[in-house]
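Welcome! Please take a moment to look over the sequence and the 3D view before reading on.

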Amino acid sequence: MKKIGLALGGGGAKGLAHIPVLQVFDDLNVRPHCITGTSIGAVIGALYAAGLTGRQIRERVQQMVINRGDSFKQVLKKKEAFKTLEFFDWSFKTTGLFKGDKFLEFLFESMGVARFEDLEIPLSIVTSDFWTAEEIVLTSGELLPAVKASMGLPGLFTPVERDGRVLVDGGGVNPLPHDLLQGCDLIVAIDVLGSRTRKKDKVPNIFRAVVGMFNVMQHTIVEQRLKLSPPDIYIKPDIQGVDMLEFHKADRIFEQAEPACLDLRRQLEECVLVG
């Protein structure tokens, strides 16, 4: 079996598209040799590297969110969904609106892994040094602080202090870290930045403007890095109409990701199972 390196990019709620992608790997019985992840890609990547299947991660997410089409009876059954009120643990510091601890703790509570060294698949998590603008890649030590740092969008989530550095969202330096996958026979990169949807109100509010500019920056970085070092398989699900924190649109995201998953299945079958 070829050694496959899998890169899971950042993109907020759009990153839930990583989950059906992982289900493709499971269905084909293809296991990545190593994983790199940024932001939401680090979150999903950590769960998968710990041994959870794509289906288990999907079920966990669906337990957490209330979808627009859910009946009142279905909502009542989703006891975990009521905990979403606790996920956004407010931070009264000026460094960010949310700490993010409760969200990650709830998502990871069934994982049973606390450190990088205990993962089944080697994982590299990308963060940014706020003061030096360096790309900081974390591969050892405590797992949850590393994941929290990688998803720490400035102004929204509080930064993480680690080893004398102030770490924030890895999307500021490397939103799709496929270039970090070394020693692999096949590199697969999953870009979940999606497509930007023009809203009826042409002038965005301040939050949408800040998040939108960060998104523009990430698109530019990914485009340049793809030119410098193209992966063997590049998959970009066409996710539309989903903002950064709209995790309640999970079912829509899964549905929109299906064509890309079919493309991935075809390419993996050609490159790994046949080639």
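## The chain as a whole

Please keep in mind that this is a predicted model. The protein chain contains nine helices and eight strands. It has 275 residues, and 52% of them count as buried.

## Helix H2, a covered helix

Let us start with H2, which spans residues 40–49. This helix is mostly covered, with 10 of its 10 residues buried. You can follow the buried residues along the helix: Ile40, Gly41, Ala42, Val43, Ile44, Gly45, Ala46, Leu47, Tyr48 and Ala49. After H2 comes Gly51, which has a positive phi near 120°.

Which residues of H2 meet H7? They are Ala42, Val43 and Ala46, and their partners in H7 are Leu143, Val147 and Ser150. Sorted by class, the contact of H2 with H7 has five nonpolar residues, one polar residue and no charged ones. The axes of H2 and H7 (residues 143–150) come within 7 Å and cross at roughly 155°. An angle over 145 degrees counts as roughly antiparallel, and so H2 is roughly antiparallel to H7. The crossing of these two helices is left-handed.

## H1 beside H2

H1 passes H2 in a right-handed crossing.

On the H1 side, the residues that meet H2 are His18, Ile19, Leu22, Phe25 and Asp26; on the H2 side they are Gly41, Ile44 and Tyr48. The contact of H1 with H2 divides into five nonpolar, two polar and one charged residue.

## H1 beside H3

By class, the residues in the contact of H1 with H3 are five nonpolar, two polar and three charged.

Which residues of H3 are buried? They are Gly54, Ile57, Arg60, Val61 and Met64. Viewed down the axis of H3, these buried residues fall within an arc of 125°, so they line one face of the helix.

## Two residues with positive phi

Now look at the loops. Asn29 sits in the loop between H1 and strand E2 (34–38). Although Asn29 is not a glycine, its phi is positive, at about 60°. Is Asn29 buried or exposed? Asn29 has a relative accessible area of 66%, so it is exposed.

Ser39 lies in the loop between E2 and H2. Ser39 is another residue other than glycine with a positive phi, in this case near 55°. Ser39 has a relative accessible area of 8%, so it counts as buried.

Finally, find Arg165 in strand E6, which covers residues 165–169. Arg165 is partly exposed, with a relative accessible area of 29%.

Which residues does Arg165 touch, leaving out those up to four places away in sequence? Its contacts are Asp129, Thr132, Glu134, Ile136 and Val160. Arg165 and Asp129 are 36 residues apart along the chain, and their C-alpha atoms are separated by 6.4 Å.

Terms used. Residues numbered from 1 in each chain as written. Predicted model: local features only at pLDDT ≥ 70, side-chain atom pairs only at ≥ 80, totals over all residues. Heavy atoms only, no water. Nonpolar A, V, L, I, M, F, W, Y, C, P; charged D, E, K, R; others polar. Buried < 20%, exposed > 50% of the residue type's maximum accessible area, 1.4 Å probe, protein only. Helix = DSSP H or I, 4+ residues; strand = E, 2+ residues; numbered from the N terminus. Arc of directions from axis to C-beta. Axes fitted to C-alpha atoms, helices over the stretch in contact; angles between N-to-C directions. Parallel < 35°, antiparallel > 145°, perpendicular 65-115°, else oblique. Left-handed = near helix turned anticlockwise from the far one by under 90°. Contact = heavy atoms within 4.5 Å.
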